[in-house]
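Let's take a walk through this chain together. The structure comes up next, and then we'll go over what can be read from it.

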Amino acid sequence: MARLSFCLMLLRLWFGCVECCRGDHPEKPEQLAPAVEGLSLSDARRAIVDDSLDPYFSRLHRLEIAALTGRPVVKGVSLLESRDEARSRFCDAALGISRSEQESLQWLVEGVVKRISSSFPLFARQPWRFVKVKSNHCGGFPHTRGFVIFLNEGIIRRIVALKQKQDFSAAENAFGTLLFHEQMHVLQRIYPDVFRSLYEKEFRLVHASVEEHDWIAERRIVNPDATQMNWIVPSRTPGRAYGMVTLLREDRDVPRMGADFYDVAVELQGEKGVYHVVADDEGVPITHEPFAVPEIRERFSTPRGVDHPNEHAAYRFEQLLRRRYFRDYDEKPGDDSLDGSLQRFDQWCRAHLIAAVAMPAAPADESSAKEIEERRQ
Ligand SMILES: [Zn+2]
C-alpha cells in the first residue's frame with residue numbers, strides 16, 4: 001500500500017516537473033493540495049535504516065551513537081559492530097503512524113502549505129512523508145533522511161490534540177515553520193543543483209571535497225540533514241579555507257543531544273576544490289569559534305545553522321515565513337520591512353521554490369519508480 005502510493009507520488013512529482021519544464025505555469029495562484037503520507041511500522045523500520053540516498057550509518061562513530069541513542073555503545077566491539085548496533089537501536093525507535101495521526105498531519109500540512117503555495121508552489125508539489133519515532137530518539141530532534149521527515153511521538157501527539165480541538169492557529173504557530181524547515185531539507189536532497197545557486201551566489205561558499213580527518217570523525221555529530229563537510233568558506237589567505245563541523249563534548253559517556261554540541265570552524269588547506277584539515281604537531285585540528293572568523297561572519301547574517309548551508313537555508317526560510325508570510329504571529333507585528341539579505345533570500349526562494357527544472361531523483365516511468373523503491377527496501 002505504502003509502496004504503491006510512494007510510486008504514485010513520484011510519478012505525480014515527475015509529471016509536475018514536466019509541466020514546469022514546458023513553462024506551463026498557471027497564472028492563477030497554485031491550488032494543489034500536497035500529498036501527505038504517514039508511514040506504517042514496517043515501512044518506518046525500513047526508512048529509518050535506509051542509507052541509499054545519503055550514507056549515514058557508515059559514517060557514525062561511538063560517541064555520537066551513544067548521544068543519538070541515549071546509551072553508551074557496547075565496549076570491546078569493533079566500529080562496524082557498533083554501527084550495526086546503531087541500526088538496530090534506530091529500528092527499535094521507529095513507530096507506526098495511526099489513521100488519526102495521519103489525518104492530523106494532513107490537516108496541518110494542507111493548512112500551512114495553502115498559506116504559501118502561491119509564492120512557493122514546490123511545497124505543494126512535493127509529497128510530504130512522515131515517520132514517527134520514540135520521544136528520546138536522537139534527543140527528540142525533528143530531522144530528515146531520504147525523502148522522509150522524522151517527528152517524535154510527543155510532537156505528533158500534540159498535533160493530534162490540536163486537531164481534535166480544531167485549533168489550527170495554535171498548531172500552525174507551534175509547528176508550521178518547523179514543518180517547512182524539515183521539508184526544505186527534503187528539497188535540498190532532491191534538488192542539489194537548485195540550492196547550489198543559493199549557496200554559491202548568495203552565501204558565497206565554495207563546493208569542495210574535504211579529506212576525512214580521524215580526530216574530527218571520532219568527535220563530531222553527523223547532521224542527518226547535512227552529512228558532508230562539502231561547502232567551505234574561502235579564507236583571505238590564498239590556498240586556505242574554513243570548514244564547519246559540530247563536535248561533541250567528551251566529558252560524558254553519553255553526550256547530551258544539543259547541550260553537549262559545539263560548532264567549530266576548522267582550518268583547511270588545498271587547491272582546485274580538494275582540501276585537507278590543518279592540524280598541529282599532535283594531529284589536533286586547528287579550530288576557531290565560527291563567528292569569530294571575519295570571513296564567516298560576513299557571509300552569514302545569523303549564527304544559526306552555520307554548520308552547513310542546508311541548515312542555514314532552512315533556518316532562514318523559517319525566519320522569512322515568520323517575518324513575511326505568517327504575519328499573524330510575526331516577531332515584529334506590522335513591520336513589513338525585511339533586511340537586505342533576507343529580501344534577497346525571499347527573491348531567491350520565489351524564483352526557485354516553484355518546481356525544479358531538473359529532477360534527478362525522479363523516475364521516467366513506472367518501472368523506474370518501482371526500481372527506485374526496490375532499492376530503498
Ligand atoms: Zn535542520
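What follows starts with the chain overall, moves into the core, and then stops at a handful of individual residues.

**The chain overall**

Keep in mind that this is a predicted model. The chain has 14 helices and 12 strands. Of its 377 residues, 36% are buried. If you take the contacts with a separation of 6 or more, 70% of them are between residues 24 or more positions apart.

**The core**

The largest nonpolar core has 83 residues, and Phe130, Val131 and Ile232 are the ones with the most contacts inside it. Helix H8 supplies the largest share of this core, with 8 residues. Domain 1 (2–190 + 354–376) and domain 2 (196–308) both contribute residues to the core, so it lies between them.

Setting aside residues up to four places away in sequence, Val131 touches Leu39, Ala44, Ala47, Ile48, Ala94, Val148 and Phe150. Some of those names come back when you turn to helix H2, which spans residues 41–48 and has Asp43, Ala44, Ala47 and Ile48 as buried residues.

**A helix crossing**

Now have a look at H5 (residues 99–116) and H7. Their axes come within 9 Å and cross at roughly 75°. An angle of 65 to 115 degrees counts as roughly perpendicular, so that is how H5 sits relative to H7. On the H5 side the contact is made by Ser100, Glu101, Ser104, Leu105, Trp107 and Leu108, and on the H7 side by Ile156, Ile159, Val160 and Lys163.

**Pairs that are apart in sequence**

| Pair | Apart in sequence | Apart in space (C-alpha to C-alpha) |
|---|---|---|
| Tyr325 and Arg115 | 210 residues | 7.4 Å |
| Arg324 and Leu338 | 14 residues | 8.0 Å |
| Pro285 and Val266 | 19 residues | 6.7 Å |
| Tyr242 and Val278 | 36 residues | 9.9 Å |

Start with Tyr325, which belongs to helix H12 (residues 309–325). Is Tyr325 buried, exposed or partly exposed? Tyr325 has 18 other C-beta atoms within 10 Å, so it is partly exposed. Not counting residues up to four places away in sequence, Tyr325 touches Arg115 and Ile116.

Arg324 also lies in helix H12. Arg324 is partly exposed, with 18 other C-beta atoms within 10 Å. Which residues does Arg324 touch, not counting residues up to four places away in sequence? They are Leu338 and Asp346.

Pro285 is in the loop between S11 and strand S12 (287–288). With 19 other C-beta atoms within 10 Å, Pro285 is partly exposed; being buried takes 20 or more. Leaving out residues up to four places away in sequence, Pro285 touches His213, Trp215, Ile216, Val266, Val277, Val278 and Ala279.

Tyr242 sits in strand S9 (residues 240–248). Tyr242 has 20 other C-beta atoms within 10 Å, so it is buried. Leaving aside neighbours within four places in sequence, Tyr242 is in contact with Ile232, Val233, Ser235, Ala265, Val266, Glu267, Leu268, Val293, Glu295 and Ile296. Ile232, in that list, is also one of the residues with the most contacts inside the largest nonpolar core.

**Two residues with positive phi**

Finally, a couple of backbone details. Gln166 is not a glycine, yet its phi is positive, near 55°. Where is Gln166? Gln166 lies in the loop between helix H7 (153–164) and helix H8 (168–190). Gln166 is exposed, with 9 other C-beta atoms within 10 Å.

Lys272 also has a positive phi, about 50°, although it is not a glycine. Lys272 lies in the loop between strand S10 (261–271) and strand S11 (274–277). Is Lys272 buried or exposed? With 7 C-beta neighbours inside 10 Å, Lys272 counts as exposed.

Notes:
Residues numbered from 1 in each chain as written. Predicted model: local features only at pLDDT ≥ 70, side-chain atom pairs only at ≥ 80, totals over all residues. Helix = DSSP H or I, 4+ residues; strand = E, 2+ residues; numbered from the N terminus. Buried ≥ 20, exposed ≤ 12 C-beta atoms within 10 Å, placed from the backbone. Core = buried A, V, L, I, M, F, W, Y, C linked by C-beta atoms within 7 Å. Domains from an automatic or database assignment. Contact = placed C-beta atoms within 7 Å. Axes fitted to C-alpha atoms, helices over the stretch in contact; angles between N-to-C directions. Parallel < 35°, antiparallel > 145°, perpendicular 65-115°, else oblique.
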